[in-house]
Structures are given as structure tokens and as C-alpha cells.
Amino acid sequence: MYDAILISTHYNCERNGMVMPSLHEGDHEDLSMIIPLGVIHIAQYLHDNGFNIRVVHLPHEIHALNCLGANQDYVNNPIEEILQKYPARVCGIQVHWYLYCGGAVFISNVYKKLFPDSKVVLGGHMAAAYWKGFLNFSKDIDGIIIGEGEKPFRSLLDKIQRSPECDLRGVTGLAYRDGDDKPVFPPVSQNENLDLDELPIIRPDAAPFANLFWQKRHFINISRGRCPENCAYCMGNNNAINRRSFQTVKIDKILEQIRVYQQSGIRELFLGENQFLNVSFMTELIEKIIHEKFDLSFELETHPVLFADKKLSEKMIDAKFFRFTMGCESGSDSVLKRMGRKSSTIQILNSVKEIAERGGACSDILD
Ligand code: B12
Ligand code: SF4
């Protein structure tokens with residue numbers, strides 16, 4: 001029995017456990033194959049603290065079935081087949097992106113049927129935003145971790161180790177149903193977030209990741225906390241969902257993580273958080289990356305304002321930042337203004353030109 005498993009779902013499933021839409025359908029990019037950073041951070045942290053953990057990335061597991069020639073159509077209920085290999089005291093399910101809400105409810109249902117004594121908790125931005133809705137909607141969901149997951153998950157496991165029958169009261173950062181079945185989230189009175197020095201270094205060969213496919217392109221977490229910008233549509237700046245104010249990870253720690261990833265065969269790293277607004281941090285990071293002469297290239301999810309500094313964009317290319325995605329969001333200045341975006345259409349166009357002239361590739365994203 002595992003202390004905990006952390007599940008990433010496919011988007012959703014049919015009643016018989018067939019995933020929807022089916023894997024590798026040619027008409028969409030299957031984002032669910034990406035291993036979520038939040039999940040691997042929690043898993044590595046719990047593992048480093050002595051717990052027996054597995055990450056269960058369902059799209060990878062189904063892909064593995066397909067590779068064996070055991071096409072999911074020939075398996076009675078592929079999701080049950082997979083999940084019954086993972087009995088755990090606590091089952092955490094990722095609901096970070098809106099894409100996975102339906103899948104998470106479905107999986108909590110299947111998991112509780114297989115292991116009725118296990119506790120099922122959801123976590124991630126969408127779980128945090130709709131915690132009451134999830135707890136009201138399904139009795140198979142016991143709790144929701146609201147905010148960063150490492151410390152609350154560890155407190156929950158500590159509590160369950162002391163008394164396996166435990167109720168979920170008293171775990172800072174966790175919402176649950178009270179005796180009258182009402183969802184409650186007690187105020188968070190102590191700092192439930194990790195000190196950034198305590199962030200784990202992700203080691204792809206660690207036990208929790210035994211069943212993951214690590215692609216050559218991967219992601220790295222180099223900052224935490226709410227974005228200081230005020231874009232109206234964004235969850236990344238929401239106080240109730242993310243209670244930490246913006247902080248960057250120490251550069252030495254980032255370099256150590258890049259070295260570990262490089263040694264494990266990763267060839268391209270994606271940096272994509274709010275750090276783009278912190279030009280002095282980015283400048284120092286990029287200079288140190290150049291100095292290290294890494295044998296991998298980088299992608300940056302960024303913002304048009306970063307390219308106001310021409311020297312910095314030149315250095316980025318020297319550091320092997322070859323691909324940039326930029327949240328442009330609209331081609332209309334008045335819409336951009338109403339959204340609270342800092343950039344104008346002219347800045348967007350100039351940034352693209354700046355990148356292209358220096359030899360980088362640029363694509364737009366709409367969050
Ligand atoms: C990096 C990033 C990406 C990377 C993800 C890299 C990866 N491998 O995970 C990429 C570029 C792939 C990406 C893609 C997308 N993203 Co994005 N992304 C982000 C960003 C900038 C940071 C998230 C991050 O990794 N942080 C670092 C990790 C360590 O922290 P974390 O994810 O918050 O996880 C902590 C907690 O949330 C919690 N937690 C998270 N998961 C779980 C699970 C459990 C069980 C528990 C208990 C706790 C828990 O604990 C974690 C550790 O403390 C956020 C904005 C933001 N500032 O949060 C947007 C953001 C999350 N993305 C967003 C969107 C919309 C998308 C896309 C749908 C965009 C698109 N249209 O294609 C896709 C979906 C990707 C997918 N896999 O399906 C939105 C989400 C909005 C929403 N309502 O869903 C955000 C908030 C940006 C925004 N402007 O609104 N994204
Ligand atoms: S700059 Fe990006 S992360 Fe920051 S509030 Fe705007 S959309 Fe969200």
C-alpha cells in the first residue's frame with residue numbers, strides 16, 4: 001500500500017472507462033500528456049521526506065497499454081485496470097487546469113469504489129477556485145487542498161499515519177465536509193507554504209516517477225506566488241487561490257535543477273512563469289546559464305515588456321533561448337487596456353520582430 005498516489009487524469013472518460021477524446025486523435029494536441037509541475041513537486045517533496053509515493057499519469061499509463069498492443073478497446077475497463085494497481089492511504093487528483101475537472105470527478109468515483117477506505121483529495125487552481133462546488137457535487141471527494149500542496153499534503157499524511165481513521169479537520173490548507181455535510185475551509189492562520197530553500201530538486205529517476213515517460217522537452221519551476229500584474233481574466237494573480245506573494249527561486253538552485261535534468265537526458269527546458277517581469281532576475285539567470293555552457297536549449301513563456309531591453313534579448317539567444325511564447329491576448333489596444341494588460345499592440349509587434357531578427361522563433365498563446 002502506498003502512502004499516497006498523485007493522479008493526473010486524461011480530460012474525461014466514458015462510463016466504461018474509455019478516455020475522451022481518445023488518445024492520439026489526430027485533430028488536437030494532447031496537452032494531458034504533459035507531466036504537471038505541481039504534481040511532481042509534491043511527489044518529490046513527500047518522497048524526500050520518507051513517504052512511499054507514486055505519480056499515476058493516466059495518459060501515460062494508457063499509452064503504455066497501447067504500446068503493449070493491449071489497445072484500451074480490448075480491456076474491460078482500462079481506468080479500473082490501471083487504478084487497482086495503486087492502493088494508497090491518500091489519493092490526490094490534479095485539477096489545476098479547467099480541462100481536467102470532469103475527469104477528476106470521474107476518477108474520484110472509480111477510486112473510491114476500488115478503495116473505499118482511502119481519502120480522496122483534489123488540488124490545483126481549479127480545485128481551489130471551485131472547492132465548494134466539488135465537495136457539494138461528489139461525496140467521493142473527501143477534501144480539497146487550496147493553494148500550494150506540499151505542506152498540507154504532508155500534514156495530511158502525518159495525521160493519517162498517526163490515526164488511519166482520521167477526519168480531515170485541522171490540516172492547514174485543506175477544505176473538507178463537516179458533520180452536517182457542509183463544505184468548510186477554516187482560515188489559514190500559519191504559513192502553510194514551503195520556504196523556497198526547501199523546494200525539492202526534481203530527480204526523474206526517483207521512485208515516485210517510475211511509471212512516467214519523461215520527454216526530451218520538459219518544464220522547470222523557477223518562481224512561486226501570485227503574479228504582481230492585474231490581468232482581469234487570470235487565475236495566476238488570485239489571492240484566494242495562491243496565498244504566496246511573488247518570489248523567485250535562488251539561481252544556484254535553478255542551475256542545480258538544470259544540471260540534474262540535463263544528466264537525465266532532457267534536451268529542451270521550458271521556463272514559463274511570472275519571472276519575465278523581473279528583468280534583473282532574468283538578466284542574472286541568463287548570464288549564469290551562458291557561463292555554465294549547458295548542452296540543452298530553452299524556451300521562454302514571456303511578455304512583450306521583457307523585450308524593451310535589447311541587450312537582454314541578445315543574451316537570451318546566446319544562452320540558447322530559441323523559442324518564445326508570448327501571451328498577446330488581443331490585437332486591439334482598447335481590449336488590452338480593459339483587460340489590464342501592460343503591453344500595447346506596437347510592443348507586441350516590436351517584440352516579435354526583435355526575436356525574429358536575432359534568430360529566435362515566436363508563437364502567441366491565449367490563456
Ligand atoms: C507553467 C504553466 C504552464 C506550463 C505547464 C508546465 C507543466 N509541466 O506543468 C504549460 C506551458 C504546458 C501550460 C499549459 C497550459 N496552461 Co498554463 N500555466 C503555467 C503557469 C505560468 C505556472 C504553473 C506552474 O507550473 N507553477 C509551478 C507549480 C509548482 O505550481 P502549481 O502548478 O501552482 O502547483 C501547486 C499548487 O497549485 C498545488 N497543486 C497543483 N496540482 C495539484 C494536484 C494535487 C493533487 C494537489 C493536492 C495540489 C496541487 O500544489 C502545487 C505545488 O505547490 C500558470 C500561471 C500561474 N502563475 O500559476 C499557468 C496557468 C495554470 N495555465 C493556464 C492555462 C489556461 C493553460 C492551458 C490550458 C493553455 C492553453 N490554452 O493551451 C495549457 C494546459 C496545459 C495542460 N497540461 O493541460 C491557466 C489556468 C486557468 C484555468 N482556469 O485552468 C493559468 C493559471 C494561467 C492564466 N493566465 O490564467 N501552462
Ligand atoms: S501577466 Fe500573465 S500571469 Fe500575470 S496576471 Fe497577467 S496573464 Fe496572469
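Q: Before we look at the ligands, how are the domain bounds set?
A: Domain bounds come from an automatic or database domain assignment. Here the protein is divided into domain 1 (2–184) and domain 2 (216–363). Please keep in mind that this is a predicted model, where local features need pLDDT of at least 70, side-chain atom pairs count only at pLDDT 80 or more, and totals for chains, interfaces and linings use all residues. Residues are numbered from 1 along each chain as its sequence is written, while chains are lettered from A and ligands numbered from 1 in the order in which they are written.

Q: Where does ligand 1 lie relative to the two domains?
A: Domain 1 (2–184) and domain 2 (216–363) both give residues to the shell around ligand 1, so ligand 1 lies between them.

Q: Which residues come nearest to ligand 1?
A: A residue is near a molecule or strand if its C-beta atom, placed from the backbone, lies within 6 Å of it. Around ligand 1 there are 39 residues, of which G38, G92, G123, G149 and G236 come nearest.

Q: Which helices and strands each supply at least two residues of that shell around ligand 1?
A: Helices (H or I, at least four residues) and strands (E, at least two) are DSSP runs, numbered from the N terminus. Those for ligand 1 are α1 (37–48), β5 (88–94), β6 (119–123), α5 (125–129) and α7 (150–162). The largest share, five residues, comes from α1.

Q: How many residues of domain 1 are in contact with domain 2?
A: Two residues are in contact if their C-beta atoms, placed from the backbone, lie within 7 Å. Seven residues of domain 1 are in contact with seven residues of domain 2. On the domain 1 side, α1 and α5 each supply at least two residues, and α5 gives the most, with three. By class, this side has three nonpolar, three polar and one charged residues.

Conventions:
Nonpolar A, V, L, I, M, F, W, Y, C, P; charged D, E, K, R; others polar.
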